[in-house]
Amino acid sequence: MPKITMSTLADFLNPPVVETVLSAQFERLTPMRLVHLGLFWDRVKSRFPLTEERSALVPQIEHFPDPMAASGRVRFEATEIPELPRLWLLNEVGTEMIQIQNDRFIKNWRKQGESDAYPHYEPVIRPAFERDFQEFQSFVIERGLGAVKVNQCEVTYVNHIVSGEGWHKFGEIDRLFPFWSQAQTEVPGDVEDFSVHLRFPISEPETGPIGRLHVDIQPALRASDNRPMYVMNLTARGQSGVGIEFFDIGRRWIVKSFEHLTTKHMHQIWRKK
């Protein structure tokens with residue numbers, strides 16, 4: 001497979017992306033307690049004054065060569081210490097969010113209004129993650145909680161492909177996705193809508209498989225006006241090296257795959273450069 005370079009990546013002036021997520025999963029910090037989450041918030045609350053609590057995410061590792069067996073594993077641990085929650089830290093307008101738990105650090109950008117422009121991976125999204133992740137790592141060391149040893153990275157792009165912009169009804173799948181075609185037959189007739197989950201191995205020439213790209217496409221209605229839309233999530237998960245080097249690889253796979261999995265017709269709508 002030819003190497004995917006930054007210069008080959010498509011760029012859109014009006015992309016449908018509404019959220020990006022960078023996540024570093026690491027070996028569990030067993031000394032971490034609920035009070036430590038609060039202490040870290042105190043450290044960054046001038047930028048992230050709002051908080052919410054969520055259930056902790058289950059660790060996820062891309063295994064080879066048996067993904068189905070690995071994904072079905074359930075972890076049981078005997079402990080008297082209650083499971084820590086996942087803490088959301090949000091800025092005042094909700095466009096930036098940090099999520100922390102004792103084995104994961106996540107940074108989100110979320111579109112809140114039509115005027116919110118997508119801040120590109122470089123020079124905004126990745127540097128912002130690195131700044132906040134370094135702050136978290138320094139906190140962990142200062143509090144004697146151990147060391148942050150990354151074992152899996154995730155990059156996610158969430159896209160809302162809204163009707164009225166190049167298409168009108170759920171059945172017009174071929175206007176959105178080039179991998180769909182349907183013969184005109186009486187039975188089963190015209191498709192009403194569709195959903196799909198696709199999984200692709202991410203490989204490097206020197207090392208072989210290092211992760212997977214997961215693509216989920218689901219029909220939905222936009223909450224603000226009930227317009228039909230397809231929600232297209234692309235998640236690259238894997239590991240390269242000992243830190244967050246996989247982010248750049250995952251992002252390249254997502255951007256290139258999004259280009260190949262959507263039509264040139266929609267590229268015009270999104271104003272591909």
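Before I name any strand, a word on what I mean by one: strands are DSSP runs of E with at least two residues, and they are numbered from the N terminus. Please also keep in mind that this is a predicted model.

With that in hand, let's begin at a lysine. K107 is part of strand β5. Is K107 buried or exposed? The cut-off for buried is under 20% relative accessible area. K107 has a relative accessible area of 6%, so it counts as buried. For a sense of scale, K107 and G171 are 64 residues apart in sequence, and their C-alpha atoms are 35 Å apart in space.

Now let's zoom out to the sheet. The model has an open sheet of 9 strands with antiparallel pairing, and the order is β2-β3-β4-β5-β1-β6-β9-β8-β7. Which strands stand at the edges? Those are β2, residues 50–54, and β7, residues 196–204. Each has a single partner strand, so one side of each has no neighbour in the sheet. On average, and ignoring direction, neighbouring strands of this sheet are turned by 15° against each other.

Let me pick out a few of the pairings. β3 and β4 run antiparallel and are joined by 4 bridges, and W88 stands opposite Q99 in β4. Strand β1, residues 17–26, pairs with β6 in the antiparallel sense over 9 bridges. You can find S23 there, opposite E154 in β6. On to the next pair: β6 and strand β9, residues 228–238, are antiparallel too, over 10 bridges. V158 has N233 in β9 as its bridge partner.

How many of the 13 residues of β6 are buried? For this strand, residues 150–162, the count is 11, so β6 is largely enclosed by the rest of the structure.

N233 itself deserves a quick stop. This asparagine sits in strand β9, and its relative accessible area is 27%, so N233 is partly exposed. Beyond residues up to four places away in sequence, N233 touches Y157, V158, N159, H214, V215 and D216. N233 and V44 are 189 residues apart in sequence and 29 Å apart in space, C-alpha to C-alpha.

V44 brings us to the helices. In α1, the buried residues are H36, L37, F40 and V44. Looking down the axis of α1, these residues fall within an arc of 105°, so they line one face of the helix. What do the buried residues of α1 pack against? They pack against β3, β4, β5 and α3. As for α3, that helix lies across β1, β4, β5 and β6, running at about 35° to β1.

Next, the aromatic rings. The model has 22 aromatic pairs. One of them is F26 with F136, a tilted pair at 5.9 Å centre to centre and with 40° between the planes. This pair links distant parts of the chain, as F26 is in strand β1 and F136 is in helix α3, 110 residues apart. F26 and F136 are both buried. F136 also pairs with F40: the ring centres are 5.5 Å apart and the planes are at 85°, so this pair is edge-to-face. Here too the link spans distant parts of the chain, from F40 in helix α1 to F136 in helix α3, 96 residues apart. F40 has a relative accessible area of 1%, so F40 is buried.

The charged end of K45 sits over the ring of W41, 5.4 Å from its centre. R212 lies over the face of F64, at 3.9 Å from the ring centre.

That's my tour, and I'm happy to take questions.

Technical notes:
Residues are numbered from 1 along each chain as its sequence is written. This is a predicted model: local features need pLDDT of at least 70, side-chain atom pairs count only at pLDDT 80 or more; totals for chains, interfaces and linings use all residues. Side-chain values use heavy atoms; hydrogens and water are left out. Buried means under 20% relative accessible area, exposed over 50%, partly exposed in between (1.4 Å probe, protein chains only). Two strands pair if DSSP finds at least two bridges between them. Rings of Phe, Tyr and Trp (its six-membered ring) pair if their centres lie within 6.5 Å; planes under 30 degrees apart count as stacked, over 60 as edge-to-face and the rest as tilted. A charge sits over a ring if NZ of Lys or CZ of Arg is within 6 Å of the ring centre and within 35 degrees of the ring normal. The arc is that of the directions from the helix axis to the C-beta atoms. Contact means heavy atoms within 4.5 Å. Axes are lines fitted to C-alpha atoms, for helices over the stretch in contact, and angles run from 0 to 180 degrees between N-to-C directions.
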